[in-house]
Amino acid sequence: MALNPQFIGRTYPAGPSYVVGREKIREFARAIGDTNPAYHDPQAAKALGYSDVIAPPTFAIVVSLEAANAALFDPELGLDYSRVVHGEQTFTYTRPICAGDELIVTTVIENIRSMAGNDMITTKGIITTVDGEPVATASSMLVSRGADE
């Protein structure tokens, strides 16, 4: 079933806030094998001008994924997630995510298009502090493979 292009521009409001923990940043950095001291040592991060450890750039997926799921699992959208392949992911930062940040994510369906029997859906997660300070944008493109013939 083709995705409905009338969903382009639909916005899903922010859900509960996500409080970024120092240990969560450290765990994420260890998981991706990044030993940058600014991700592990508060003093190293403070020497760079931050209040606490900062998160590696791909950490934004931790914050944005659940918000994106609100859009992708919208029953009216009709996306068959069993046929989905992750096509692309980018992060654009206004500033690094820092331990102690309390963040929210608003998700927008930016584009839906069909190509060669597959649907491609692009979402944008706008990450801000609970006070509205812009932090980052997570953009994702998923491919929903067409039905087998």
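With a relative accessibility of 42%, Glu23 counts as partly exposed. Keep in mind from here on that you are looking at a predicted model. What does Glu23 pair with in a salt bridge? The partner is Arg26, and the N to O distance between the two side chains is 2.4 Å. Both residues belong to helix α1 (residues 22–31), where they sit three residues apart, about one turn of the helix. Arg26 has a relative accessible area of 18%, and it counts as buried because that value is under 20%. Side chains of opposite charge can pair when their charged atoms come close.

Now step back to the whole protein. It has three helices and six strands, and from the N terminus on they run β-β-α-α-α-β-β-β-β. The C-alpha trace spans about 55 × 30 × 20 Å along its principal axes. The protein has 149 residues, and 39% of them count as buried. Among the contacts with a separation of 6 or more, 68% are between residues 24 or more positions apart.

Arg10 is partly exposed, at 32% relative accessible area, whereas Glu76 is exposed, at 57%. Both residues also belong to a network of salt bridges that includes Asp74.

Another salt bridge connects Asp101 and Arg95, with 3.0 Å between the closest N and O atoms. Asp101 is buried, at 12% relative accessibility.

Next, find Asp52 in the loop between α2 (42–47) and α3 (60–72). Is Asp52 buried or exposed? Its relative accessibility is 12%, so it counts as buried. The side chain of Asp52 makes a polar contact with the side chain of Arg22, at 2.8 Å. Beyond its neighbours within four places in sequence, Asp52 is in contact with residues including Pro42, Ala45 and Cys98.

Our last stop is Ala116, in the loop between β4 (102–115) and β5 (118–129). Ala116 counts as exposed because its relative accessibility is 78%. Its phi is near 50°, a positive value in a residue other than glycine.

Technical notes
Residues are numbered from 1 along each chain as its sequence is written. This is a predicted model: local features need pLDDT of at least 70, side-chain atom pairs count only at pLDDT 80 or more; totals for chains, interfaces and linings use all residues. Side-chain values use heavy atoms; hydrogens and water are left out. Helices (H or I, at least four residues) and strands (E, at least two) are DSSP runs, numbered from the N terminus. Buried means under 20% relative accessible area, exposed over 50%, partly exposed in between (1.4 Å probe, protein chains only). Contact means heavy atoms within 4.5 Å. A polar contact is a pair of N or O atoms within 3.5 Å; within protein, one must be able to donate a hydrogen and the other to accept it, and residues adjacent in sequence count only if both atoms are side-chain atoms. A salt bridge is a side-chain nitrogen of Lys or Arg within 4 Å of a carboxyl oxygen of Asp or Glu.
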